[in-house]
Amino acid sequence: MKNIIAFSTKHPISVVMGILTLILLGILGMFFIPVDFLPKTEARNILVVTEYSGISTKEMRRLITIPVEDFLASLKGLKQMTSITRDGLSLINLELHWNTDIDLTVIECRELIDINYEKLPSQCKKPSVIKQDAVTSETLSFVLIPKDEDLLYARHIADTDIKPRLQRVKDVGSVTVTGGEKEEIHVMVFLEKMESKNLTLQSVAEKIGVSNYEYPAGMLTEGELELLFKTSGLYTSLDDIRETPLEYNEGGLIKVSDIADVKRSVAEKHTFFLYDNKPAVKVDIYKKQSASPVSVVSDIRRELENINRNYGSWCTIHIISDSSTTVIESLKSVLLSALIGACITFIIIWAVLRCKTTALILASIIPVSLLSAVFILAITGKTLNIMSLSGIAIGIGMVVDAGAIVLENIQESIRDKKITRSLINTAVEEVASSNIASTATTLIVFLPVFFVQGIVNAIFTDMVIAIISSISISCLLSLTYIPAMFYLCAQKIKTPANDIRIIEHARLTYAHMLQRILHTKRTALIIMLVCIAAGCAAFRFVRAEFLPPVATNRVQAEIEFPNGTSVSFMETNALHIMKRLSAIPWLNEVYISGGLENTDYTILSDPKAKKEKITIRAQIDSSKISFEEGKETIKDMLQNTGYRTAFSQTEDMLSAVLNIKNSGIIVSDDSPEASLVAAKNIAASLQNSDVYIYPNEQTEEYIFTPDRIANSRFGITAMYAATIARSSLEGVESSPYYENGLRIPIRVKLYDRYIQNTTSLENIAVLLQNGTSVPLRSFGTITETYNEKVLYRNNRKDARFLDSETKLNIPMQKQLQTIDITKTQISEMTQNAVFLIAAALMLLYLVMAAQFESFFIPLLLLLALPPAFSGAFIFLAVFGKTLNINSTVALIILFGTAVNNSILLYETVMHMRKKNKTGTADSICSACTKKFRAVLITTVTTIASLLPFAVDPANKTSQSSLALAIIGGLIVSSLIVLLVVPAIFKTVLEEKHAHI
């Protein structure tokens with residue numbers, strides 16, 4: 001170490017050139033490092049989708065969901081399995097443990113399906129495996145508004161052109177389209193005419209299908225030429241469909257026009273979207289989890305410019321949601337807070353050192369250390385995100401600690417003396433060991449973060465790398481750069497004879513208080529006990545949660561309609577609600593969506609998802625009205641609709657990226673019926689009036705039960721009879737009709753007037769092979785019943801989901817059959833916190849024991865930790881913050897920072913004891929008073945750098961609890977270290993002297 005220090009003062013220009021190299025590398029890193037909201041995380045969810053058309057929910061659960069769950073239960077890395085079963089659809093969501101290779105798991109999942117597929121019913125589709133790599137919150141959303149209000153064409157170009165083009169954009173995970181209309185050609189059949197001709201809907205659809213075709217027939221050779229020969233029989237107009245022959249019989253040729261009308265129409269709507277008081281088409285784009293929203297949105301906007309050039313004259317594209325703006329605003333907020341912290345830190349350094357040159361030398365460590373951290377983040381493949389920037393900001397106050405101690409000791413050594421190279425070297429060498437020890441203790445506590453599994457590792461690794469990098473570089477700079485610059489600028493440095501008045505007064509007050517404490521043994525013990533007791537009392541008032549809430553000005557409300565409500569009816573009501581909301585002056589933007597697309601598997605896998613629901617999103621102008629007041633006004637207005645209204649929390653980006661559900665209770669039992677009864681009993685036992693059970697869609701329906709004997713007697717299968725019933729109700733889709741590049745489905749169906757009740761359905765004729773027809777009632781019976789349309793299972797047990805806008809407190813006797821999502825997350829956080837604290841404490845002790853060659857001295861120095869934790873809990877309780885993953889990491893940071901001052905005082909006391917051969921109260925007081933200014937600088941600069949993060953009255957940042965915990969811990973631990981720890985040193989030294 002002496003050689004490094006001596007080289008720095010002997011070759012200061014070389015040291016400066018090395019520092020400039022670090023700065024240049026950091027600047028280059030700023031240009032190439034990706035920008036994101038959170039650190040990169042890999043996808044952890046797999047969705048297994050199985051379709052079996054025409055099968056009821058209960059049968060799907062028995063035949064598909066449970067068997068598929070059974071053979072997927074052996075997947076390696078599986079953490080949790082949930083499933084949603086709907087009519088003809090089974091959706092199984094597999095959540096993997098952190099750090100599980102999802103690509104290998106997808107391969108293993110497909111292998112298990114290939115092996116066990118034969119065990120499933122023969123007519124069901126093979127289960128498909130979907131890697132859910134997209135986040136659950138929209139990265140960017142825009143609305144497509146046709147100027148001529150042609151929603152048919154708007155939906156067509158959105159599905160066939162815009163969606164594929166956006167899906168090709170790099171790092172786009174998925175694209176969904178909501179609203180608009182889809183065109184269909186309807187062949188509306190007259191029932192009596194069709195039956196008189198001995199035709200069925202299926203036979204009509206088949207005839208149309210085989211008459212509407214185009215395919216190559218081979219190659220025709222003419223001399224030396226080979227010409228393609230193909231058959232072209234595609235329909236070119238609706239008249240071609242009308243003229244399609246169905247069959248010849250005694251009455252002559254029967255054409256489609258003889259039994260049906262052919263006309264243009266629209267398909268049954270599954271979704272709608274309203275914007276600016278009129279229907280429109282919305283496109284939602286979701287990025288991949290590992291992608292940066294800033295770069296993805298930039299690429300999407302470039303593609304939208306191209307799309308706008310193609311369709312701008314016909315429609316308007318308006319962006320209604322852009323997550324990159326949130327990311328940029330968050331990063332700007334963190335950068336601004338860091339800049340303010342750096343300025344405050346510089347002012348404090350200048351005020352304490354009272355020398356502009358010295359202050360600039362110390363303050364210049366900040367940009368060098370932080371740019372070096374950016375460079376290390378870039379070369380390690382990390383991103384510049386809110387967590388890594390927070391680590392850099394936290395490091396602002398900590399990177400000057402080592403340099404402040406060196407400068408302070410140099411000033412003390414050269415006071416009233418001529419500045420020489422040897423004096424500088426000696427002064428730096430005196431504190432080098434304590435600086436290295438302090439740095440080691442600060443850094444060692446972060447190592448367990450790299451080994452812990454789960455969200456802590458995923459979120460905080462970037463922050464830890466930033467802190468470790470910046471502090472390590474700052475320690476190196478304190479031993480090389482500072483002595484080199486001090487020697488270069490020796491002529492401009494003026495060492496003040498005395499400190500500023502406030503510091504001098506504080507030093508004298510501290511010396512006086514310390515003298516009294518050192519001569520009164522019980523005082524130190526009382527102070528320590530009072531501090532710990534206050535921390536324990538404050539801890540009882542600190543509420544625990546998984547993620548800190550972040551305030552928003554967006555409100556989201558959901559209105560649920562009765563089961564079976566048509567989309568058109570919901571759209572009519574939604575349009576009325578939008579007109580009322582649009583009249584409110586403090587709402588900037590309102591849009592409403594409703595319904596559910598059959599292919600939105602991610603949404604369908606949510607137990608709360610249902611098609612009879614509309615979602616209202618609005619942005620409240622906080623400059624005109626408070627968020628809570630505006631929310632209550634909207635709530636009062638929506639409750640007048642007469643339908644169930646619930647306000648859901650707008651999903652923040654942190655929860656969206658990590659796919660975390662923040663609240664809810666899962667109730668499990670042995671069957672769907674038992675789980676529903678248990679959920680209702682628990683809901684009834686709660687005081688909350690707004691508890692809702694999901695899924696709970698008891699729907700009236702009719703069941704056709706085939707008579708197998710009758711089917712056998714007439715020579716048909718039960719499936720054939722069921723197909724007749726289904727086609728009579730929904731129609732039969734035939735081959736598509738093409739027009740100007742548009743693909744328009746053709747649907748053959750009966751006029752609605754023919755099927756108005758079960759009796760008319762029972763009278764539908766079933767055509768037999770011998771040409772005769774028999775009514776459908778001869779092949780089975782139709783009965784009325786109530787069935788559930790959605791069934792939910794959690795970890796292979798039937799379950800229900802309890803949700804509420806307020807906190808749910810489950811009675812003790814009911815907790816055995818429930819899973820509280822919030823408590824589960826807190827339990828996981830607690831386990832990680834216990835591991836981190838235990839590992840950090842052990843590592844800290846081992847490092848200090850090796851440094852001081854003692855088993856006992858580290859225990860004395862660790863006495864600074866209980867007061868640090870007490871201060872953290874006191875500040876969290878006073879400012880109303882929670883104990884979450886951020887404040888837990890703050891406790892880990894306190895491990896390294898709280899003991900640094902103890903190490904500094906201990907090194908000084910021992911140095912003075914060796915010099916004066918005494919450990920009296922006066923010598924200990926003199927040694928501690930000598931280092932009072934150094935302790936003050938290191939503590940105040942760290943606190944000052946965190947103040948901009950701690951001041952968050954609007955609750956806009958998630959780093960507030962982290963900053964407050966560190967500030968509280970440093971304030972209390974510094975006071976205890978300055979006043980109590982010296983008394984402990986005196987007692988220990990007296991005992992050692994007595995033994996001697």
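Two strands count as a pair here if DSSP finds at least two bridges between them. Keep that in mind as you look over this model, which is a predicted one.

Let's start with strands β24 and β25. Six bridges join β24 to β25, which covers residues 742-750, and the two run antiparallel. To see one of these links up close, find Val732: its bridge partner in β25 is Val748.

β24 and β25 belong to an open sheet of four strands, laid out in the order β12-β7-β25-β24, with mixed pairing. At the edges sit β12 (260-266) and β24 (732-739), each of them pairing on one side only. Going from one strand to the next, the twist averages 30 degrees.

Helix α7, made of residues 201-211, lies across β7 (183-189), β24 and β25. Its direction is at about 30 degrees to β24.

Next, move to a pair of helices: α11 (residues 323-353) and α14 (residues 386-414). They pack at an angle of about 10 degrees, and their axes are 9 Å apart. Since angles under 35 degrees count as roughly parallel, that makes α11 roughly parallel to α14.

So who touches whom? On the α11 side, the residues that meet α14 include Leu331, Val334, Ala338, Gly341 and Ile349. Among those waiting for them in α14 are Ile386, Leu389, Ala393, Val400 and Gln411. Sorted by class, the contact of α11 with α14 has 13 nonpolar residues, five polar ones and no charged ones.

Note on methods:
Residues numbered from 1 in each chain as written. Predicted model: local features only at pLDDT ≥ 70, side-chain atom pairs only at ≥ 80, totals over all residues. Heavy atoms only, no water. Axes fitted to C-alpha atoms, helices over the stretch in contact; angles between N-to-C directions. Parallel < 35°, antiparallel > 145°, perpendicular 65-115°, else oblique. Contact = heavy atoms within 4.5 Å. Nonpolar A, V, L, I, M, F, W, Y, C, P; charged D, E, K, R; others polar.
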